[in-house]
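Open the model in a viewer and keep the selection tool ready.

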Amino acid sequence: MPIQTQARRNHIARTHGEHCHDFPQLLLGWRGEMECAFDHESRRLCDSTAAVVPANTRHHFAGCEDSCELLVVDLSSVDICLTALEEESRVNLVERLFSKPGFFEMPPVIVSTINVSIEQLRFFGSRDPHHLLRRQLAMMFVTQVYELFESGSASSPPRERRFSLEEINAFIDASLEEPPANSILADFMHLGQSQLHLLFLRHFGKTPQQYVLQRRLQWAMTWLKTTRLPLGRIAMDLGFSDSSSFSRAFRRHFDYPPSAVRKREYLD
């Protein structure tokens, strides 16, 4: 069934996930905070921050607290009201507003409009079987956000630094003896810890600490093959508490113990 143009409340709470849909959206922060991430950019949505999600744009989301709730605007490409508005104004609102994903800061006038809209949805929600109010609110927010961007009044927060595999590997490699915690990694990348978690899952399919451990064990493999360092020294230099914990982690990752690498290298 085609999506209907509507404004709706979305109680995110602490849920998280990734999805992609064939219609554009506005994600307007209202209560609590939620991490939202596109390919190389992420932000924390709150009561003054919003996101533009073009159609067919994959994005991560993760609620940061139980109270997290958004006002979401879904737009149907075949909505006759939207089509009529575009024809009357001679402006392609959807194409202009949703040309690329991004984030923006909402001025107080839109924040106050969101608060009023939430109260209207609370009161009229069960009395709106045909989505008339939800549709009207959606059109209002699309036009307001469009005018905000056209007037240059939408202030985008400064973009984060690009996610660089070389930089993050070099940072981890410089701290192998004391592997960096998530807070240290987040500070280095100028991200919140939730943003860091989302980006590592998206790029590597692993949590930050799983990736750090993988990097340490890759160095262990290299050192086992190219040096005669004792296992205890390798364990210490890679931040393991002792040889036993190092051997267990190595076996779980490679399916054989580090001693097997040494035996094979000596036989070769």
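Is Y211 buried or exposed? The model is predicted, and in it Y211 has a relative accessibility of 6%, so Y211 counts as buried, the limit being under 20%.

In the pair of F200 and Y211, the ring centres are 5.7 Å apart and the planes meet at 65 degrees, so the arrangement is edge-to-face.

Next, select F240, F246, F250, F254 and Y256, which ring pairs join into a cluster. Show R216 as well: its charged end sits over the ring of F240, 4.2 Å from the ring centre.

Now turn to the salt bridges, of which the structure holds 12.

- Select E35 and R44: their closest N and O atoms are 2.6 Å apart. E35 is buried at 1%, whereas R44 is partly exposed at 33%.
- Select E119 and R122 in helix α3 (residues 108-124), three residues apart. The closest N and O atoms of this salt bridge are 2.5 Å apart. E119 is partly exposed at 42%, as is R122 at 40%.
- Select D237 and R233, a salt bridge with its closest N and O atoms 2.9 Å apart. Both lie in helix α9 (residues 231-237), about one helical turn from each other because they are four residues apart. D237 is buried at 17%, and R233 is partly exposed at 42%.

Finish with R9, R31 and E69, which salt bridges link in a network.

Note on methods
Residues numbered from 1 in each chain as written. Predicted model: local features only at pLDDT ≥ 70, side-chain atom pairs only at ≥ 80, totals over all residues. Heavy atoms only, no water. Phe/Tyr/Trp six-rings, centres within 6.5 Å; stacked < 30°, edge-to-face > 60°. Buried < 20%, exposed > 50% of the residue type's maximum accessible area, 1.4 Å probe, protein only. Lys NZ or Arg CZ within 6 Å of the ring centre and 35° of its normal. Salt bridge = Lys/Arg side-chain N within 4 Å of Asp/Glu carboxyl O. Helix = DSSP H or I, 4+ residues; strand = E, 2+ residues; numbered from the N terminus.
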